[in-house]
Amino acid sequence: NSQSVLGKHLTGFPNEKLRGILLESSILKQLTDQGKKACFINAFRPRFFDFPRERQLQYSATTVANLAAFLPFFTLADVNAGRSIYQEFTNQELIELGFDVKPMTPGEAGRVLARAAREYDFTLYEYFQSDKAGHSQDLARCCRQLEMLDEFLTALLAELAEDLADDTLVLLTSDHGNIEDLSTKRHTTNPIPLAGWGSGAEQVLEQVSRLDQVTPAVVARHGG
């Protein structure tokens, strides 16, 4: 429970104490230490790969989690090849910045994630455009984000329909509230959702009532 260790909800990027926790026990590290094949599916822009590890550790919690497991990072070439997704899964942000990437619909992005789920024991995807929309307090923008996420999830689950009936579990959660309350620009203290589809979903949802229980539940599912 890193929030308990820190004594607060940490916004933005990890501080030294949180980096230490992630480097010791991130979900990606725990699973790879067990011999599982795991990946952080988000693609990174070219300049990230020019930085030394020490500079990369200044990035997001998920970046540190991947570095802790010494797993490779995906590139924009992987996005074009259908092996990865950018954090803004339509690629419009990248295109506006001048990168040579193909536009992608939310449905296409969902199917990329589905294919990755078949290849790995555990696949992590981080999406924070909904958080940015919530901070904007723009109702139309928030509604559009939720519509795109719905399209993304619908395609993901449809593509994985047979897998979900067999041995695949999809979990959706957040690290804090935000988009549900546009009266504030800040993160909220509202309970966050945990949604699950597929093999073992009911069991996981029954045993998890706090955010810090999600990782132990996933690790236990893989035999840890």
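Is C143 buried, partly exposed or exposed? At 36% relative accessibility, C143 is partly exposed. Here buried means under 20% relative accessible area, exposed means over 50%, and partly exposed lies in between (1.4 Å probe, protein chains only).

Before you click further, note that this is a predicted model, where local features need pLDDT of at least 70, side-chain atom pairs count only at pLDDT 80 or more, and totals for chains, interfaces and linings use all residues. Residues are numbered from 1 along each chain as its sequence is written, and side-chain values use heavy atoms, with hydrogens and water left out.

**Stop 1: the whole chain**

Show the protein chain as a cartoon. Its secondary structure comes to 13 helices and four strands. Helices (H or I, at least four residues) and strands (E, at least two) are DSSP runs, numbered from the N terminus. Along its principal axes the C-alpha trace spans about 40 × 40 × 40 Å. The radius of gyration is 17 Å, which agrees with the value near 17 Å for a compact globule of 224 residues. That radius is taken over C-alpha atoms, and the globule rule is 2.2 Å times the number of residues to the power 0.38.

Switch to a surface. The accessible surface is about 12200 Å², and 51% of it belongs to carbon and sulfur atoms. These areas come from the Shrake-Rupley method with a 1.4 Å probe; for residues, only the protein chains shown count as cover. Buried residues make up 41% of the 224 residues.

**Stop 2**

Select C39. At 4% relative accessibility, C39 is buried. Now go back to C143. C143 is in no disulfide, and the nearest cysteine sulfur, that of C142, is 7.0 Å away. A disulfide here is a pair of cysteine sulfur atoms within 2.5 Å. The structure holds zero of them.

**Stop 2: R144**

Step to R144, in helix α10 (residues 139-159). R144 is partly exposed, with a relative accessible area of 41%. Draw a distance to A133, 11 residues apart from R144 along the chain: the C-alpha atoms are separated by 9.2 Å.

**Stop 3: the largest core**

Select I85, F89, Y125 and F152. These have the most contacts inside the largest nonpolar core, which has 29 residues. A nonpolar core is a set of buried Ala, Val, Leu, Ile, Met, Phe, Trp, Tyr and Cys residues joined through side-chain atoms within 4.5 Å. Helices α6, α8 and α10 each supply at least two residues of this core. The largest share, six residues, comes from α10.

Which residues does I85 touch, beyond those up to four places away in sequence? They are I41, N42, A43, V79, A109, V112, L113, Y125 and F152. Contact means heavy atoms within 4.5 Å.

A second, separate core has 27 residues, including I27, A38, V64 and V218.

**Stop 4: helix α8**

**Stop 5: D78**

Finish in helix α6 (residues 76-80), where D78 lies. D78 is buried, with a relative accessible area of 12%. Leaving out residues up to four places away in sequence, D78 touches R83 and S84.
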